[in-house]
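Here's a quick briefing to read alongside the structure. Have the viewer open and follow the topics in turn.

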Amino acid sequence: MLKGDYGKKSFINPITKLVLLVTLPAFLMGGLGGTDAEIFTLIFPLVSLFLLFISKNLKAGMVGLLMYIAVIIAWSVLPSGSDGIFHIILFIVVGIVTGLLPCALMSVYVISSTTASEFITGMKKLFIPDVITIPMSVIFRFFPTVKEEIQAINKAMTMRGIRFGGRNAAGILEYRLIPILMCSLKIGDELTAAALTRGLDSPRKRTNICDTRFRFQDFFLLALCFCAYLVWVLSLFGIHFGEVVKL
Amino acid sequence: MIELKNVSFTYLSENSDESSAELNGSLSNIDLRIEKGSFVLLTGPSGCGKSTLLRLINGLIPHYYSGKLEGEVVIDDEPVNDKPLCKSAEKIGTVFQNPRSQFFNVDTTSELAFLSENLGVEAEIIKSRIEQTAESFQIKNLLDRSIFHLSDGEKQKIACASIEVGKPEIILLDEPSANLDYHATMQLRKLIAQWVRQGRTVIAAEHRLFYLWDLIDRVVLMDDGKIIKDYNKNELNKLSDNDLSELGLRSAHSPAPTEIELPVVTTDDKTLTINSLRFGYKQGFFNRSKVNNNIIDIHNMELALGKITAITAANGEGKTTFLNCLCGLERRSKDDIIINGAPFKRRNRLNSFFMVMQDTNHQLFTDSVLEEVMISLPEPNEDKALKILESVDLVCYKERHPMALSGGQKQRLAIACAVASERDYILFDEPTSGLDYGHMKEIAALMRQLRNLGKTVIIVTHDSEFIEACCERKVNFVSRG
């Protein structure tokens, strides 16, 4: 039962994840390559959706997929000539859903599927120094814990009658900050101490029980990103992908 | 062998974000030799410096917690102060008190591998060690689980296992049982017994003595940063529970909370009746796989009004969720609760129950002790607030920031708020976890004080001594029954 299933093996390598995390916003939001790279603005959102589904993150995947389909239908069904405020709003929504949403979904995928250990190993392979890696990995670990703290604090506030409509409604924001800050500080402090007694500061080369070799899917996705960048670079030199295909 | 040679230590005051119990955890002129393979228990009142002593041994002092250090700590002829922390990590494993904040990874298997990965042990060796540990600690069912879905007892087992994977020679335990129920504590005892049998050096800082008593070779009693008594095995066997309580220590023999004989209700009691109470976490379309064991489904439970009732429950039985439902904090709970023959609706309960949470840091919001009590009063009234503060012995701290109080003082402040709220039902979630004998007695006295004010006090606890000290009724809680 034990052999082979140590840790949930990620579908793709941590390095591939980092490359995707940088590439998606560059093309979807930054608009690299302009019209030449249009084909990639269609492929990348599908990649992020695919990864979410394959990691069984159905909720985020479904939400993303539905929004994406809805927007594409709306965009093609509604007469493009219609003007006025409605058209502008639709234009903004389309921009957000096709640009920002896939990047957000990719972040969700990366955060939910990467163990701290994989992350540290990936960063070390990229020669990123510990002073950046360690705080970042603590932050990853921190979110779910702080979420639990905030839930407990919210309960305490409701219980003590500090709620909308209550006598102390004004304190809703102010009263929340102090305990959140105090609890976060304390937990961060204890976490660091515990990690240090487990050799986090060791200078030796770190090993990893997860499989972090590159597999087919990694090569495929990296190649995809590479192509996107290639199209962009070529377009800078005036060689346009669209025309090349036509020829 | 571990040697402390005339060691004194004071925390720097810039660490003032720490609880003040730690601030006065300083040490003065400690001389201590611990032989290889012995099991030493450090005990004494909160703030006596036992955690500080452990930090000196594992190197967190001076490498992480800074302060003024004199003297020398030597382990196997190597001074700790000059060694980097990762060198100490190879030899010394530490289990901490708080199960929430000692895991660096989000899943259990990565956590078990974490130490060895950091030290660069080869992956294949780590895997086989994890397998061995899972075998000897009987935790195979806990591998590959999310840390957030484990009960506190399971988390502490993983913490023990994670240091075992590194095969440390010296094992330090800093109040490892503080959040554990009786059953989980006994399981922890088994793991510790294994280490003791194998001849590892084990040093535990603990208030609860009963689960370790017959394993211990030696007890070091501390107070105010000094070692005041040092008992060997023979001397220990002569100590009676009376002697222990005179020393301010907890009992060496404690029955399981379920074995304490107290009525659930008597025929004379007026009662609050829970005909049924059901609660399950949302079973949405997308997260059907969510753990089901937190669901609460209870029928026909009676709680005596105007009495102190203990509710005993195992870790992971959902006792905190039950308290939340009872207070009316869980909107989705389906309940049928009767008081004085009439239904007791959630909205009404929300205004009649006050809960003192396990971690009081979650419920102290304001910037002074006095204001904390003032916002709890139905109408602000300073005289009244001061009177309440007097009853819990906190008047002299009225201008203090609540976060600058010690753990015990925070708890008393939360109780003061409960009194100020003038609500009739006061719930406590593990009020004595990690408390020494003296503080436990203090809390017990406060419970009686509340009862005398006519309040109904309901306490979720696993502390047998505390139940014996003040509770009058007892319910054994099972989440489905």
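**A sheet, a helix pair and a chain contact**

In chain B, strand β13 (residues 308-312) and β19(B) pair in the parallel sense, with four bridges between them. Across that pairing, B:I311 sits opposite B:V475 of β19(B). Keep in mind that this is a predicted model.

**A helix pair in chain B**

- Take helix α5 (residues 108-118) and helix α6 (residues 123-136) of chain B: their axes come within 10 Å and cross at roughly 130°.
- α5(B) and α6(B) are therefore oblique to each other.
- Are they crossing left-handed or right-handed? α5(B) passes α6(B) in a right-handed crossing.
- On the α5(B) side, the contact is made by B:T109, B:L112, B:A113, B:S116 and B:E117.
- α6(B) brings B:I126, B:R129, B:I130 and B:T133 to that contact.
- Sorted by class, the contact of α5(B) with α6(B) has four nonpolar, three polar and two charged residues.

**Where the chains meet**

- How many residues does each chain put into the contact? Chain A gives 47 residues and chain B gives 52 residues.
- On the side of chain A that touches chain B, the elements giving two or more residues are α3 (58-77), α5 (116-125), α6 (130-159) and α7 (171-196) of chain A.
- α7(A) supplies the largest share of that side, with 14 residues.
- By class, the residues on the side of chain A that touches chain B split into 23 nonpolar, twelve polar and twelve charged.

**Domains of chain A**

- The domain assignment of chain A gives domain 1 (10-115 + 211-242) and domain 2 (129-209).
- Taken over C-alpha atoms, the centres of domain 1 and domain 2 of chain A are separated by 31 Å.

Terms used
Residues numbered from 1 in each chain as written. Chains lettered and ligands numbered in written order. Predicted model: local features only at pLDDT ≥ 70, side-chain atom pairs only at ≥ 80, totals over all residues. Contact = placed C-beta atoms within 7 Å. Nonpolar A, V, L, I, M, F, W, Y, C, P; charged D, E, K, R; others polar. Pairing = 2+ DSSP bridges. Axes fitted to C-alpha atoms, helices over the stretch in contact; angles between N-to-C directions. Parallel < 35°, antiparallel > 145°, perpendicular 65-115°, else oblique. Left-handed = near helix turned anticlockwise from the far one by under 90°. Domains from an automatic or database assignment.
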